[in-house]
Amino acid sequence: MRSSIAIARTIAALLLALAALALPRPARAATFLADGQVVVAQGQTIDDDVYAFSGTITIDGRVTRSLVVAGGTVTVNGQVDGDVTVAGGTITLNGPVGGTVRVAGGTVTINGPVGWDVVAAGGDVTVGSGSRIANDLVLGAGTVTVAGRIDGDLRGSATQARLLGEVRGDVLLDIDNQLSLGPQAVIGGDLSYRAPQAANIDPGARIQGQTRFTPTGAATGSERSFTERALAWLGSLLLRLAWALVAGTLLVMLLPRRSATIADTLRQAPVASLLWGIALLIAVPILAFILLITVVGVPAGLLLLGFYLAALYLSQVLLGLSLVRGAVPLSWRTTRRLPLWLAMLIGTSLVVLIRLLPLPFGIATWWTAILSFLIAVLALGAIWTDLTGWGKPVPALAPAAAPPPPAEETELRPVTGPLPGTPGLGPERSAQIREERPITEPAITSQRPAPERPATPSEAEPAAGPAMTEPAQTSAPTPERQQPASPESPAGQPPEDTRPIGEQPASPPAGRPEAEEDRKER
């Protein structure tokens, strides 16, 4: 728990140093140096703010304003009248600085005088004997050595620290391992520190104020019972789980659909997410730093850095949501807020619990670090893959539906049977009318048996004589069959029927009054 607090303070100091790059500068102009190797020669004076970005940077001349540097190896031997902000691997400040020094790197060495505060974060921080800090020294580091003079206070956290110089103010330190004071150490104020064990104070060291020592849990870890250690681990677990659940709740409530798609992408494209995550884990901080050292890119750099840190923290939430959505049936993978929230609760709790397992023999630290790295890389890559679609598998297309069967075609054909609705006509008259006025009806291509028609009396009794004809008004002859009246015919007489004998209508037979009665009844 103490080591995690120290790491958190170190990260906070590092972010503070990097955020200083975004502070607005009152300079009227600026000089940008970004060659393969940046060198400001001795005797050269730059009357501007200087922004340098390179692998190797050496400042031997004078900068009358502020200096902002990012590089692998940075050495400042000249004088800087303003502030100095440096981020790099190996940083050495030998020249005088008129303002505040903000530095973050792997190895940091300060040998020159500083006109105001020093904020330092790194693996190894050394304040040399030739250094004089006019105000406070705030640090977060692994190993700290202070051999110079500090006119203000010394505050911070470190794994181990050695005081070999003079601190005129108070000393407030949080130590994970060991604090030692050399024979030349002088503390003008109080010494307050938290450590697993008491400090190793040389008899020649002088402390003018009071000494307050607060033992941490590591000092009494062997003395605590199993129940006490279990309760301490459980308290840390519940606190971190509460942080993750609050952040996950905000995520699924504000962005339910996007959260579900990112979780599904993490499960569907794990290889692409892993590769993109490794690339983004390295590229995004570099891009954000480049934007921060420019004037126009400061807002974009801050936004990019904020989204980057938020994505890293929410990675455990997205991974837990992905695991639960992959385990439930497909019908339960909805984008509604309540099911998503329940899945987030279960999945995030499992991920946090597995990540913080109290493994013995010091394995827990490596287990947590490696697992946290993998979770962050996968989630970061899944976010990028879902937003861009690069590497995301294409869903399979559904098979096309079969076309509907073609409709049955119909055709028109002339009616060949007896006319419907004319049961009183004989076969000869029906054929005559059919020739005069062809009647058509739609015929379905599919053959269906024709319904049987009851036989008419005229067809049922062929021996009764020729078929009776309908009156003239029932079925009048067509105009083309009508013959004009002859001028030689007497007036009022019907024209002579000139049709062939076979087509002339038959007269009713004489002496058959019952046939006439039957015809009238029909």
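Modeller: A nonpolar core is a set of buried Ala, Val, Leu, Ile, Met, Phe, Trp, Tyr and Cys residues joined through side-chain atoms within 4.5 Å, where buried means under 20% relative accessible area. Please keep in mind throughout that this is a predicted model.

Biologist: Which residues touch the most other members of the largest nonpolar core?

Modeller: They are L137, L154 and L179, in a core of 51 residues. Leaving aside neighbours within four places in sequence, L137 is in contact with V118, V127, V146, I150, D153, L154 and R155. Another core, of 32 residues, lies apart from the largest one, and L241, L245, I262 and L314 are among its members.

Biologist: How should I read the pairing of strands, and which strands form the open sheet here?

Modeller: Strands of a sheet pair through backbone hydrogen bonds, either parallel or antiparallel. In this model five strands, in the order 10-12-14-16-19, form an open sheet with parallel pairing. Strand 10 (132–133) and strand 19 (206–207) stand at the edges with a single partner strand each, so one side of each is left without a neighbour in the sheet. Within the sheet, strand 14 (residues 166–167) pairs with strand 16 (residues 186–187) over two bridges, and E166 has V186 as its bridge partner in strand 16.

Biologist: How many bridges join strand 11 and strand 13, and which residue in strand 15 is the bridge partner of A158?

Modeller: Strand 11 (residues 137–146) pairs with strand 13 (residues 154–163) in the parallel sense over nine bridges, and the partner of V144 in strand 13 is A161. Strand 13 also pairs in the parallel sense with strand 15 (residues 171–181), over nine bridges, and there the partner of A158 is I175.

Biologist: Where does the UniProt annotation place the transmembrane region?

Modeller: The unreviewed UniProt entry annotates residues 230–254, 274–296, 302–326, 338–357 and 363–384 as "transmembrane region". In the model, residues 230–254 are 100% helix, with end C-alpha atoms 36 Å apart, while residues 302–326 are 96% helix, with end C-alpha atoms 35 Å apart.

Definitions and conventions
Residues numbered from 1 in each chain as written. Predicted model: local features only at pLDDT ≥ 70, side-chain atom pairs only at ≥ 80, totals over all residues. Heavy atoms only, no water. UniProt positions renumbered as here; feature names shortened; annotations may be inferred. Helix = DSSP H or I, 4+ residues; strand = E, 2+ residues; numbered from the N terminus. Pairing = 2+ DSSP bridges. Buried < 20%, exposed > 50% of the residue type's maximum accessible area, 1.4 Å probe, protein only. Contact = heavy atoms within 4.5 Å.
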